[in-house]
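Here are my notes for your first look at this one. Have the sequence and the model open while you read.

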Amino acid sequence: MNSRKNDIVESVRRIQQTIPPEVMLQAAAKTRTLDDVETVIQAGVTHIGYNYVQEALPIIQAIGNRATWHMIGHLQRNKARIVVQHFDMIETVDSWKLAQTLELHCKSLQKTMPILIEINSGREANKTGVLPEGVEELVHQLSTLEYLQLVGLMTMGPRFGNPEDSRPYFKTTRAIFERLAVMNLPNVSMRYLSMGMSNSYQIAIEEGANIIRIGTKLFGERQ
Ligand SMILES: *Cc1c(COP(=O)(O)O)cnc(C)c1O
């Protein structure tokens, strides 16, 4: 095995050792090569996240159902059909309009799609995601759909040098998650809380995350 492969395999092992077994380690694979993605899969990481459909397609075509594919980037409605065709979970649903478009494509392809709502927990003007006060309305709307199944929440939160600064945003998202969990709406089950990246995943897990999305810590710095 070459040294790049060794490094990636070692990183997977190190992270897996420091997280509880029920937490899903997802590789955030933007900018990485097919070889790198193959390596994390061989090392046991079978959930792969992509931000852009065009970048993901050749990788998904090569690897297929040896991995589970998560859409974690902002999704435009004109890409909805191709995403429904090729991905297994969409973590970035943030509007009723987008949800309705996804529902139509799921129906025509006869495919049920697990989704997460992306929360703009930092209330950042330049970021996508639903503001905390808008979540409940969207959840009620989503619960009426037949093919989309809301299974949890995702957040990025602002980027900080000090990961401890992320904690309030993870807490905010967790509180929404707990509130929705007891509402018992049809088609809604709060199973996944996707938050935390390379520098913040330990804090995110302390605050209840059970999906962490890791790029840099697995593959090294992006070029
Ligand atoms: C890039 C990315 C990550 C991983 O970021 P790292 O800091 O490299 O671990 C996680 N989530 C999303 C949505 C991303 O775009």
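How do the residues of the lining of the second largest cavity divide into nonpolar, polar and charged? Point 4 has the answer.

1. First, the ground rules. This is a predicted model, where local features need pLDDT of at least 70 and side-chain atom pairs count only at pLDDT 80 or more, while totals for chains, interfaces and linings use all residues. Residues are numbered from 1 along each chain as its sequence is written, and side-chain values use heavy atoms, with hydrogens and water left out.

2. Start with the ligand. It is surrounded by 13 residues, the closest being K30, N51, S198, G215 and T216 (a residue counts if one of its heavy atoms lies within 4 Å). By class, this shell has five nonpolar, four polar and four charged residues. Here Ala, Val, Leu, Ile, Met, Phe, Trp, Tyr, Cys and Pro count as nonpolar, Asp, Glu, Lys and Arg as charged, and the others, Gly among them, as polar.

3. Now look at some pairs of atoms. T216 puts a polar side-chain atom 2.6 Å from an oxygen atom of the ligand, and R222 has a polar side-chain atom 2.8 Å from a ligand oxygen. From G215, a backbone N or O atom lies 2.8 Å from an oxygen atom of the ligand. (A polar contact here is a pair of N or O atoms within 3.5 Å.) On its own the ligand has 390 Å² of accessible area, and the protein covers 96% of that (Shrake-Rupley method, 1.4 Å probe).

4. The search covers the whole structure and finds two cavities of 30 Å³ or more; a cavity is a set of points on a 1 Å grid, over the protein atoms alone, where a 1.4 Å probe fits but cannot get out, and its lining residues have an atom within 4 Å of a point. The largest has a volume of about 70 Å³ (the space filled by probe spheres set on the points), and its lining includes M156, F160, F170 and N199. The second largest cavity, at about 40 Å³, is lined by residues including E118, K127, T155 and M156. Its lining divides into three nonpolar, six polar and three charged residues.

5. The ligand sits in the largest pocket, meaning that more than half of its atoms lie within 2 Å of the pocket's grid points. A pocket is an open set with protein on both sides within 12 Å along at least five of seven lines. This one has a volume of about 320 Å³. It is lined by 21 residues, and K30, N51, M156, R159 and M197 are the closest to its centre.

6. T31, although not a glycine, has a positive phi of about 75°; look for T31 in the loop between strand 1 (24-28) and helix 2 (34-42). N187 is not a glycine either, and its phi is positive at about 65°. N187 lies in the loop between helix 7 (167-181) and strand 7 (188-194). Helices (H or I, at least four residues) and strands (E, at least two) are DSSP runs, numbered from the N terminus.

How values were computed:
A polar contact is a pair of N or O atoms within 3.5 Å; within protein, one must be able to donate a hydrogen and the other to accept it, and residues adjacent in sequence count only if both atoms are side-chain atoms.
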